[in-house]
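Please look over the sequence and the structure shown below before reading on.

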Amino acid sequence: MGSTPRKHAQEYKDEAVRLALDSDRSLAEIAKSLGINELTLGNWVTKAKKDSESDEKPLSVSECRYDRLNPLTCRNSTSHATDDT
């Protein structure tokens with residue numbers, strides 16, 4: 001039979017994710033050093049990445065007009081900028 005899952009504090013998860021993202025080591029190495037399952041750490045990293053993506057708000061039309069150096073930043077805009085010049 002399997003063991004019951006352990007609960008980890010959010011601060012612990014956040015630190016583990018930060019370590020995984022900032023390190024040159026593999027997830028497997030980091031998970032082993034922390035004493036957690038590699039899949040668990042992978043799930044935490046995936047969730048953290050999704051959460052950070054959803055925190056980014058789309059640029060407004062006026063913001064897109066002033067960011068012509070990087071038009072890819074406007075891809076999330078709900079409206080398309082028009083050139084009035």
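Predicted model: local features only at pLDDT ≥ 70, side-chain atom pairs only at ≥ 80, totals over all residues.

Residues are numbered from 1 along each chain as its sequence is written, and side-chain values use heavy atoms, with hydrogens and water left out.

The secondary structure comes to 4 helices and 0 strands, and from the N terminus on the elements run α-α-α-α; helices (H or I, at least four residues) and strands (E, at least two) are DSSP runs, numbered from the N terminus. Of the 85 residues in the protein, 16% are buried, where buried means under 20% relative accessible area, exposed over 50% and partly exposed in between, with a 1.4 Å probe and protein chains only. The protein exposes about 7200 Å², of which carbon and sulfur atoms supply 52%; these areas come from the Shrake-Rupley method with a 1.4 Å probe, and for residues only the protein chains shown count as cover. Among the contacts (heavy atoms within 4.5 Å) with a separation of 6 or more, 30% join residues 24 or more positions apart.

Two of the helices can be set side by side, the expected span being 1.5 Å times one less than the number of residues.

| Helix | Residues | End-to-end C-alpha distance | Expected span |
|---|---|---|---|
| Helix 1 | 13 residues | 18 Å | 18 Å |

In helix 1, Ala 16, Val 17 and Ala 20 are buried. Seen down the axis of helix 1, these buried residues fall within an arc of 100 degrees, so they line one face of the helix; the arc is that of the directions from the helix axis to the C-beta atoms. They pack against helix 2 and helix 3, whereas Glu 11 and Asp 22, on the other side of helix 1, are exposed.

In helix 3, the buried residues are Leu 41, Gly 42, Trp 44 and Val 45. Their directions, seen down the axis of helix 3, fall within an arc of 160 degrees, so they too line one face of the helix. What covers them includes helix 1 and helix 2. The face turned away from this buried side carries the exposed residues Leu 39, Asn 43, Lys 47, Lys 50 and Ser 54. For Asn 43 the relative accessible area is 54%, and its C-alpha atom is separated by 9.6 Å from that of Val 17, 26 residues apart along the chain.

Which residues make up the largest nonpolar core? Its 9 residues are Ala 16, Val 17, Ala 20, Ile 30, Ala 31, Ile 36, Leu 41, Trp 44 and Val 45, and the elements that give two or more residues to it are helix 1, helix 2 (27-34) and helix 3. A nonpolar core is here a set of buried Ala, Val, Leu, Ile, Met, Phe, Trp, Tyr and Cys residues joined through side-chain atoms within 4.5 Å. Not counting residues up to four places away in sequence, Ala 16 touches Leu 34, Leu 41 and Trp 44.

Rings of Phe, Tyr and Trp (its six-membered ring) pair if their centres lie within 6.5 Å, and planes under 30 degrees apart count as stacked, over 60 as edge-to-face and the rest as tilted. By this rule the count comes to 1 aromatic pair. Tyr 12 and Trp 44 form it in an edge-to-face arrangement, at 6.2 Å centre to centre and with 85 degrees between the planes. The pair links distant parts of the chain, with Tyr 12 in helix 1 (residues 10-22) and Trp 44 in helix 3 (residues 38-54), 32 residues apart. Tyr 12 counts as partly exposed at 30% relative accessibility, while Trp 44 is buried, with a relative accessible area of 13%.
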